[in-house]
Amino acid sequence: MMKPFAGQGGVNGFVMMYMTKWKRVAVLLLLIWIFVTYLVISPLRCDGSTEDVSEFQDRLKTVSMQLESLKQQHNKLIAQIKKSSGLNVNLKDLDTGSLFDSVGGPSEEYENLRRRIFSNTKEVWYFINHELTKIIKGDRKVEKLQSILDQLAHRKGVLLADQQKLPELDGYQDWRLAEAANVSDLVQRRLKYLQNPPDCRDARKVICNLNKGCGFGCQLHHIVYCLIFAYATERTLILNSKGWRYNTKGWEYVFHPISDSCVSTYDDKIVQWPAAYDPKVVSLPFIDSISQKPKFLPLAIPSDLAHRIVRFNGDPASWWIGQMLKYILKPRPAMQKAINETIAKMHFKRPIVGVHIRRTDKVGTEAAFHSIDEYMVHVKDYYDQLEITQTVDARRVYLASDDANVLEDARKKYPEYTFLGDATIAKTAATHRRYTPASLTGLLVDLHLLAMCDHLVCTFSSQVGRVAYEMMQTNRADAWAAFASISVYMNELIFS
């Protein structure tokens with residue numbers, strides 16, 4: 001038997017705990033007020049020169065302003081205590097914004113608990129769904145079992161819907177958004193400083209060769225690995241990209257350069273990493289050939305930022321990689337114009353689920369074949385969940401694939417969904433056309449739109465799927481619950 005929710009008692013205890021803290025703060029402010037008043041009045045008992053009197057008047061003016069500020073804070077706290085005293089408090093009258101702001105955001109334990117509730121609810125559903133599905137397949141009389149499954153699905157949806165409301169009601173959402181933006185801005189400024197040192201000739205550097213024999217997603221992760229290495233070792237990254245397979249003129253012809261002012265080693269000796277000593281300039285090998293990976297590579301995140309990141313994001317390693325992608329993925333005007341023109345034709349509108357289906361050369365070598373049905377299970381689940389709390393005018397899906405037939409097949413098989421996509425992009429992603437400017441433009445369109453979707457369904461065995469998820473982390477405070485991978489989880493594949 002399910003236990004009833006412990007609603008009122010828990011709320012009263014929560015409120016009374018903070019009321020006690022407020023009273024202590026109110027008393028402290030009152031004592032400060034009395035002390036400042038004493039400091040103001042005490043000089044009046046002494047004789048002094050004209051200069052002393054003038055100095056005292058200036059001091060009096062300053063202290064009076066401080067005193068008035070303290071008085072206002074004191075009155076606000078007293079009013080809040082009076083309003084919220086007693087057990088039968090009305091939470092609508094409680095100024096939760098100022099309450100939570102005063103403690104500087106949620107604790108790490110609170111955020112971890114909130115995420116664990118969400119994850120555990122889903123895991124219970126996955127387990128029950130899996131076990132009952134096996135029973136259904138072995139029993140012809142499935143009506144009763146299917147009814148149980150449908151009820152469980154609804155209960156799961158209600159539980160998750162309630163949990164998803166918590167960030168809107170706990171008073172921390174504005175803080176999360178602001179903190180995510182502030183930490184992101186800090187990281188971007190650090191990277192810009194590192195990549196544009198005051199004296200390039202004296203700067204320590206790391207050389208990264210882009211011509212790795214793999215696709216765009218893999219090459220992006222290679223640059224990310226190099227940039228994280230540069231950050232951790234406080235070096236300036238120099239990217240060698242001439243002869244790049246997507247554009248022989250190099251990375252800088254398509255994207256803004258990673259450094260605006262430091263692109264040369266000035267004939268300094270270049271030493272292959274790892275070295276027996278700490279040379280001024282090192283050249284990084286491909287990560288695949290490193291026998292012992294540095295400890296600062298993901299899933300690691302910077303220790304001085306970790307305590308901040310984990311409080312607003314449930315997947316810090318992916319958020320950190322996303323910040324690297326945010327810094328390096330800055331298309332030049334010509335490329336950005338091509339991307340914008342393609343997107344304008346899509347009539348992209350929310351709510352929308354992004355689906356990335358990788359076929360062609362991946363299937364049978366690096367990944368198993370997954371039918372459209374496997375992806376659409378998660379798409380349906382997302383919209384069923386969403387319709388518990390809001391009206392959905394259309395079930396939209398942005399479908400990206402390297403197989404031109406997938407989009408048309410999806411439209412025929414699932415007419416109740418509105419599929420957005422561009423078959424020409426899929427054609428340019430075919431193996432024999434993949435390493436062309438047109439293919440790169442299409443791939444960047446797919447990545448941008450997949451990252452802008454409300455939810456992402458993909459396979460993390462595809463590096464493009466992983467990049468899309470990492471990019472999602474840069475356009476919202478926390479995207480850790482905004483995806484479903486039908487193959488493996490992110491932390492199994494970082495930089496693999």
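This is a predicted model: local features need pLDDT of at least 70, side-chain atom pairs count only at pLDDT 80 or more; totals for chains, interfaces and linings use all residues.
Okay, let's start with Asp-454: at 15% relative accessibility, this residue counts as buried. Buried here means under 20% relative accessible area, exposed means over 50%, and partly exposed is in between, using a 1.4 Å probe and protein chains only. And what does Asp-454 pair with? Its side chain meets that of Arg-350 in a salt bridge, at 2.3 Å from N to O. By salt bridge I mean a side-chain nitrogen of Lys or Arg within 4 Å of a carboxyl oxygen of Asp or Glu. The pair links distant parts of the chain, 104 residues apart: Asp-454 is in the loop between helix H14 (437-452) and strand E8 (455-458), while Arg-350 is in the loop between helix H10 (333-344) and strand E5 (352-357). Those helices (H or I, at least four residues) and strands (E, at least two) are DSSP runs, numbered from the N terminus.

Residues are numbered from 1 along each chain as its sequence is written, and side-chain values use heavy atoms, with hydrogens and water left out.

Back to the salt bridges. How many does the structure hold? There are 21 salt bridges. Take Asp-478 and Arg-115, whose side chains meet at 3.8 Å, N to O. Asp-478 sits in the loop between helix H15 (463-472) and strand E9 (483-485), and Arg-115 sits in helix H4 (residues 108-137), so this pair ties together parts that are 363 residues apart in sequence. Arg-115 is buried, at 6% relative accessible area.

Another one is Asp-304 with Arg-190, where the closest N and O atoms are 2.9 Å apart. Asp-304 belongs to helix H8 (residues 303-312) and Arg-190 to helix H6, so parts 114 residues apart in sequence get tied together. Asp-304 is partly exposed at 39% relative accessibility, and Arg-190 is partly exposed at 29%.

Now, the cysteines. A disulfide is a pair of cysteine sulfur atoms within 2.5 Å, and by that rule we get three disulfides.

Have a look at Cys-200 and Cys-262, joined with an S to S distance of 2.0 Å. These two are 62 residues apart: Cys-200 is in the loop between helix H6 (173-195) and strand E1 (205-209), and Cys-262 is in the loop between strand E2 (236-240) and strand E3 (270-272). Which hand does this link have? The torsion about the S-S bond is about 75 degrees, so the disulfide is right-handed. Both Cys-200 and Cys-262 are buried.

Next, Cys-208 joins Cys-226, S to S 2.1 Å. Cys-208 is in strand E1 and Cys-226 in helix H7 (residues 216-233), 18 residues apart. Here the torsion is about 65 degrees, so this disulfide is right-handed. Cys-208 and Cys-226 are both buried.

Then there's Cys-214 with Cys-218, at 2.2 Å from S to S. That link is left-handed, with -80 degrees about the S-S bond. Cys-214 and Cys-218 are buried too.

How do the bonded cysteines pair up if you number them in sequence order? The pairing is 1-6, 2-5, 3-4.
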